[in-house]
Amino acid sequence: MRALSITLGGATIAVAVFTFVLALTHGASAQQPSTTTPPSASNPFAPGWRMLAGFDVFAAKGCGQCHSLRGMGPVTGPDLARVKSGSGFYDIGAALWNHLPRMSAEMRQERVERPRLTPRETTDLIAFIFTAQYYDESGDPKTGERLFASKGCAQCHAVGGAGGTVGPALDPLKRANSPVLVAAAMWNHGPAMAETMKSRGIPRPTLEGKEMLDLIAYVTTRARDGSAETTQVVPGTPANGEKLFAERHCATCHAVAGKGGRVGPDLGRPGHHVSVTEFAARMWNHGPKMWVAMKERGIEVPKLSGQDTADILAYLYVAHYFDPTASAGRGAQTVRDKRCLTCHSVNGKGGKAAADFATSNVVGSAGSLIAGMWNHGPMMEASAQKQSVSWPVLQGRDLADIAAYFSSLQKRSGSK
């Protein structure tokens, strides 16, 4: 794991950010050049995915003075690692907007200076918040021990000197720094394990709920491995995962966000936005069906290293980060319905108290839009009160549509 220290509410707390939590981060250093192209709706897997840089923003801007991470820190604001997002970027941006009046009031009361955000910082911060959700709770070793016996694992595998000898001992998993390695091992040995179970009359078990977490907790607690080395998986790169997904023929059967085969489920849709261990359990449960489908199509079951798996999971996890169905038409209607034109205008039509959306350089990109909403929030709040306009509440889809509308305005303005 990588331990990061930040000051939360006056106390220094070590925040353990596991590498499988960071599975969406670009493999390079957090200190990537500021010129790196950030992700966007058209290129969500750009190398500008800088989750670790977003952690730096979280710390430097004082977010930890009000918000906790996984229960560590103050409780003035919500725990940001437990704020679930449906479509990702715009859901988090909408939540930021909706709570802005309350946050501003809390900051004024606590005499906290309100930080400003650049578009780059905003993009990085949202990437951090999004990936902080990609986290597994700890399993229960005692429950895992019972499962290890009842699921038949102990008939073939030994751990800590106890168990079968048909399969390899699982003690080396104590050195694994991520459940990604477990997922890869179970996938690679799945066909052979299935044949062995069949020949020995052992029912092939399925794994539900937290059972995989509990099994891993048991194995890593009971395992005896004297090596001081840790088997490492570095943070996955979505762009590499996209390439591997095609090269290893995953795309022959599975689509990601609508792109790919139709034999299996679309792995990019929100229902497949799951943790590493849950994904490993699904790979195990559906293995026999997948192997049959591959055999029918003459596809050899591909071998995956831990790093391959980390990259593929990174690709799947961010597949719906930007809403691909955003509509400029709906965005225009939302701008009208939310009474944004009471203060703002479009090509000179509307209010005069704030900027014209068609010519403003603040709304040109997703990052600059949300940064502008944050930076100008107090001014907009005062203007809304003066105009007797209630603070508009936005859903992630609303904000995605508005961003699409503003982008269309910028394009039309640029073509003139």
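Guide: Let's begin with a term: buried means under 20% relative accessible area, exposed over 50%, and partly exposed in between, using a 1.4 Å probe and protein chains only. This is a predicted model, where local features need pLDDT of at least 70, side-chain atom pairs count only at pLDDT 80 or more, and totals for chains, interfaces and linings use all residues. Residues are numbered from 1 along each chain as its sequence is written, and side-chain values use heavy atoms, leaving out hydrogens and water.

Visitor: What share of the protein chain do buried residues make up?

Guide: Of its 416 residues, 50% are buried.

Visitor: How do I read a helix such as α12?

Guide: Helices (H or I, at least four residues) and strands (E, at least two) are DSSP runs, numbered from the N terminus. The protein chain has 16 helices and 8 strands. The expected span of a helix is 1.5 Å times one less than its number of residues. For the 12 residues of α12 (residues 306-317) that gives 16 Å, which agrees with end C-alpha atoms 16 Å apart.

Visitor: Is α12 largely enclosed or exposed?

Guide: Largely enclosed by the rest of the structure, because 11 of its 12 residues are buried. Among them are Asp-308, Ile-312 and Tyr-315. Contact means heavy atoms within 4.5 Å, and the buried residues of α12 pack against α4, α6 (179-199), α8 (238-247), β5 (255-256) and α10 (276-285).

Visitor: Which residues touch the most other members of the largest nonpolar core?

Guide: Such a core is a set of buried Ala, Val, Leu, Ile, Met, Phe, Trp, Tyr and Cys residues joined through side-chain atoms within 4.5 Å. Here the largest has 49 residues, and Phe-89, Tyr-90, Tyr-321, Leu-399 and Phe-406 touch the most other members. Apart from it lies another core of 21 residues, including Leu-267 and Tyr-315.
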